[in-house]
Amino acid sequence: MSDRPADDRFERPTVWSNPSSRAQGTTPGSFAARPEIGGPRSFCSPDTPGMPQPSDRTAWDFMPPGWTPPRAGETRWTPPPGWTPVTQLDFARLGVVTAEMARVAEREPHLTPEQVRDEVAAGRLVIPANKVHLGHRLDPMCIGRASRTKVNANMGASPVSSSTAEEVEKLRWAERWGADTVMDLSTGGDLDATRDAIVRNSTVPIGTVPIYSMILGRRIEDLDADVILKGLEHQARQGVDYFTVHAGVRREHLPLVRRRLIGIVSRGGSLLAKWMLVHRRQNPMYELWDEICEILRRFDVTFSIGDGLRPGGLADATDEAQLAELETLGELTERAWRHGVQVMVEGPGHVPFDQIEYNMKLQRRLCHGAPFYVLGPLVTDIFPGYDHITSCIGATAAAYHGAAMLCYVTPKEHLGLPKKDDVKQGCIAYRIAAHAADVALGIPGTRDRDDELTKARAALNWEKHIELSFDPDTARAYHDEDLDVDTDFCAMCGHDWCSVRISKEIVEFTSGKDADYAWRQPKVTEALSAEQREILERRGVLAPEEIHRLASKTRSRMGAATGQKASCHSDYADDEEALRLQEDELRAEPASR
Ligand code: SF4
């Protein structure tokens, strides 16, 4: 019973769904809003006062012409005679669960195939799966607020660096480090061959910005309807799963960027702005929108409607130009749904931390819940070289407040073309952001591995601790850099100060003798693998020989003979004796001072 004055007492917020399927731990649930799959909020942060409320419309309010609404006693719309479904959205509107929806439900165990179908029909979930790519190696996945937060990795050859083989290698690397989709943003080399190789080799959906290849060998001024439509059809035939099309930048928006510190930072947005100024005409992508929709529908390519006016610095965030474009993105979403095309919408960019929630919730309202796919956002501009960190702080907030997919940023952002290790750093930073948000949102099962790792850590079971780590090689290398034996402490605090070891002595459960975490045999760490050695070498602090010499010294200082575990006094008490001592201690009267 607390003896604090009544005014100082506090209450814990309501705890909703449990993010751990095993209901483990003393914090069993999430403080986020009550989950509402099948509604506009799905998994959702509580609203700060003044935030835009969700739209009360969905893709059901933007049906293609000729469909008949359900009559009394019916639940489904009826398409016009002779109409055949093509896209996942078409099938969902008919009430059909496709093989891709069933696969998505397997990969998102908290969703049933019917829930996946219903979210696709509402326009809140997309399954980017070009029919051509499905004929190769694509493993269908989904993007939407009812599912776990996804991560995209960008790659692509530039005119000054990289090649097709290198890009395919980066694709494999991005898949290994957890990218859910990959965008090929090549602007140099053999664009067609690189795109083809990436589509054929990928198990994840591939996105592109088709305008890049449309202007190769031609001036932007010479872009016309024929080039645009043929270019889109060519890439759709190759199997690209989603297209970024910057149709939302309109001529009337251009005066709004004049006062910005950094103008237009989207490549597609700046190219189309130049086209509009030269020709004194509307954005051709906007004017051709209905024809573009028909091409995408034939192959079930998903739109990723580009934000050509995204802010390129904190000072330009949430300005008139950005929000005017966002309103047009909402209009384009409605028009694409009328063609049966799946839609996600792209978002910023560089946004101060306090403005992120507003940006996410405004998009949810204006685009009627269509998945929001955001770049970062970066929450500060002064850390070039570390923008994977500045942006993954923003990305965590974005995912918590409404983004469905996060486009990674690497340490090379603003500075150069990412190499393999930059891709890894970006992927890991963004897996952290996505996972942190999913746990906070209370998506069922998302915390299971965290809880397992906590148990392994409490039991000082290093093998399991490292096996459960997202990057076991790096975790093992860092552990062994200082202490190449697995014992009841690590080099961070040392034996006498290891609170986990002391706690392990106090409570039976955390004694490491829990059945799942039995740790009876002395263990000697395996020698480092070549990959782990490389991680240490890349750190450039000590040569591997030096690290091992120091680690061996530590081990012998701890009294370990060659090939044996260093001992500490918790090893001297057997299970029963440890338990008896703990119970005696717990029963003992507090000592007087
Ligand atoms: S020594 Fe410190 S960091 Fe290492 S296991 Fe013990 S408490 Fe954790």
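How close do the axes of α13 and α14 come, and at roughly what angle do they cross? They come within 9 Å and cross at roughly 40°. Before going further, some housekeeping. This is a predicted model, where local features need pLDDT of at least 70, side-chain atom pairs count only at pLDDT 80 or more, and totals for chains, interfaces and linings use all residues. Residues are numbered from 1 along each chain as its sequence is written.

Let's start with the barrel. Eight strands close up in the order β3-β4-β5-β6-β7-β8-β9-β10, and the pairing is parallel. Strands here are DSSP E runs of at least two residues, helices are H or I runs of at least four, and both are numbered from the N terminus. Two strands count as paired if DSSP finds at least two bridges between them. On average, neighbouring strands of this sheet are turned by 25° against each other, direction ignored. Gly 207 has Tyr 242 as its bridge partner in β6.

Helix α12 (residues 320-338) packs on the sheet, where it touches β7 (302-305) and β8 (343-347), and its direction makes about 165° with that of β8. Angles like this one run from 0 to 180 degrees between N-to-C directions, with axes fitted to C-alpha atoms, for helices over the stretch in contact. Touching, or contact, means that the C-beta atoms of two residues, placed from the backbone, lie within 7 Å.

The classes put Ala, Val, Leu, Ile, Met, Phe, Trp, Tyr, Cys and Pro under nonpolar, Asp, Glu, Lys and Arg under charged, and the others, Gly among them, under polar.

Now back to the opening pair. α13 and α14 are therefore oblique to each other; under 35 degrees counts as roughly parallel, over 145 as roughly antiparallel, 65 to 115 as roughly perpendicular, and the rest as oblique. Their crossing is right-handed. Ile 356, Glu 357, Met 360 and Lys 361 of α13 meet Gly 394, Ala 397, Ala 398 and His 401 of α14. That contact divides into four nonpolar, two polar and two charged residues.

There is another helix pair to visit. The axes of α8 (residues 225-238) and α11 (residues 289-299) come within 10 Å and cross at roughly 15°, which means α8 is roughly parallel to α11. This crossing, too, is right-handed. Leu 229, Leu 232, Glu 233 and Ala 236 of α8 meet Glu 291, Ile 292, Ile 295, Leu 296 and Phe 299 of α11. The tally for this contact is seven nonpolar, no polar and two charged.

Most residues other than glycine have a negative phi, and most peptide bonds are trans. Pro 348 and Gly 349 are joined by a cis peptide bond, with omega about -5°, and Gly 349 sits in the loop between β8 and α13. Another cis bond joins Gly 376 and Pro 377, with omega about 5°; Pro 377 lies in the loop between β9 (372-375) and α14 (387-401). Arg 280 has a positive phi of about 50° although it is not a glycine, and you'll find Arg 280 between α9 (267-279) and α10 (284-287).

Last stop, the ligand. Around it are Phe 489, Cys 490, Met 492, Cys 493, Cys 498, Ser 499, Val 500 and Arg 501, each with its C-beta atom, placed from the backbone, within 6 Å. This shell has six nonpolar, one polar and one charged residues.

Note on methods. A crossing is left-handed if the near helix is turned anticlockwise from the far one by less than a right angle, and right-handed if clockwise.
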